[in-house]
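Please keep the sequence and the structure in view while reading.

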Amino acid sequence: MLVLFLAMTALLGTTGWVIAGLSGVKFALILAVLSWVFTPSSSSSLVMRFYRARPIPTHLFPDLYQISNLMAQRAGLKRLPVLYLLPGRSMNAFATGTEKDPAICLGQGLIQALNTKEIAGILGHEISHIKNNDVLVMGYASLFNRITYYVSLIGQIGLVFLIPMIWIKEGHLPIIPAMIIAFAPAINLLLIQALSRSREYEADLGSAMLTNNPDYLCAALRKLEIYRKNMRRWFGIPMTAEQQNSLLSTHPPTQDRIRRLQSYKIRYQHLLWT
């Protein structure tokens with residue numbers, strides 16, 4: 001994760017350097033810091049309201065809260081997550097907030113399709129996201145992406161005015177700086193996708209540790225993959241193996257995640273079965 005963040009910072013600094021030298025680097029980094037400081041953070045309840053998710057009453061789903069609270073205590077969270085229900089057939093789950101304001105949203109279709117152990121695997125995964133501060137991590141990455149885009153846009157506008165002057169003076173366009181300016185946003189996007197996939201693998205490991213059994217999440221992932229395939233088939237959307245392993249995907253391929261989870265039985269046996 002640190003390497004990817006350093007790569008994003010280096011890319012932003014390089015883009016600023018190409019545009020205005022050391023002053024461009026300072027401008028880009030100061031802009032990133034100011035944007036982070038003055039960007040308002042949204043509470044988990046506000047995020048859930050945006051998705052039209054409703055809080056799950058404890059008395060209606062006591063088992064869900066019992067599992068969630070147990071996973072949260074094992075993870076050492078300061079506050080127990082509030083569970084929300086996303087109405088409809090969606091088999092989706094996501095976490096938001098920090099350890100001070102944690103919340104987990106579960107799709108109604110997910111609750112209906114998975115058994116207790118599989119839901120425990122999903123909750124362990126989402127609680128690991130909260131414990132690892134992945135919401136903040138991806139928020140910072142998204143901020144770097146926006147700043148890199150705007151700095152690159154400034155450079156591209158400058159190139160538009162520079163090209164006629166070069167043509168009149170019969171000069172040469174600096175190819176490498178121009179390519180950096182043009183492709184910096186795309187490169188940064190690939191770095192963000194790589195960061196997202198690494199956080200998913202880490203949350204998978206966290207689920208295995210919290211549930212004490214990687215098979216719980218494996219079984220849930222298999223059902224989710226079947227659901228996704230059925231949805232693509234229903235809408236007539238083809239999905240090749242190359243697309244499933246695309247660098248633009250925010251989640252690793254399901255089979256890769258399952259293979260890693262199965263390998264945890266051996267690599268972390270001394271932790272899983274104690």
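Which residues form a nonpolar patch on the surface? The patch consists of Y149, Y150, L153, I157, V160 and F161, which together have about 630 Å² of accessible area. Patches are built from residues with over 30% relative accessible area and no salt bridge, nonpolar side chains (Val, Leu, Ile, Met, Phe, Trp, Tyr) being joined within 5 Å and like charges within 9 Å. Accessible areas come from the Shrake-Rupley method with a 1.4 Å probe, and for residues only the protein chains shown count as cover. Exposed means over 50% relative accessible area, buried under 20%, and partly exposed in between (1.4 Å probe, protein chains only).

The model is predicted: local features need pLDDT of at least 70 and side-chain atom pairs count only at pLDDT 80 or more, while totals for chains, interfaces and linings use all residues. Residues are numbered from 1 along each chain as its sequence is written, and side-chain values use heavy atoms, with hydrogens and water left out.

The protein contains 11 helices and 4 strands; these are DSSP runs numbered from the N terminus, helices being H or I of at least four residues and strands E of at least two. Of its 274 residues, 41% are buried. The accessible surface comes to about 15800 Å², and carbon and sulfur atoms account for 65% of this area.

Because 13 of the 16 residues of α5 are buried, the helix is largely enclosed by the rest of the structure. After the helix comes N133, whose phi is positive, near 60°.

Within α5 lies L123, which is buried at 0% relative accessibility. Leaving aside neighbours within four places in sequence, L123 is in contact (heavy atoms within 4.5 Å) with L64, I67, S68, L83, I104 and L106. L83 is 40 residues from L123 along the chain, and their C-alpha atoms are separated by 10.0 Å.

The charged side chains complete the picture. The structure holds 7 salt bridges, each a side-chain nitrogen of Lys or Arg within 4 Å of a carboxyl oxygen of Asp or Glu. K131 and E99 meet in one of them (3.9 Å, N to O). This pair links distant parts of the chain, with K131 in helix α5 and E99 in the loop between β3 (93-96) and β4 (103-107), 32 residues apart. K131 is partly exposed at 33%, whereas E99 is buried at 14%.

A salt bridge also joins K223 and E118, their closest N and O atoms being 3.0 Å apart. Here K223 belongs to helix α8 (residues 214-234) and E118 to helix α5, 105 residues apart. K223 is partly exposed at 32% relative accessibility, while E118 is buried at 6%.

Helix α8 also holds both R228 and E225, which lie 3 residues apart, about one turn of the helix. An α-helix has 3.6 residues a turn, so residues three or four places apart point the same way. R228 and E225 form a salt bridge with a closest N to O distance of 3.6 Å.
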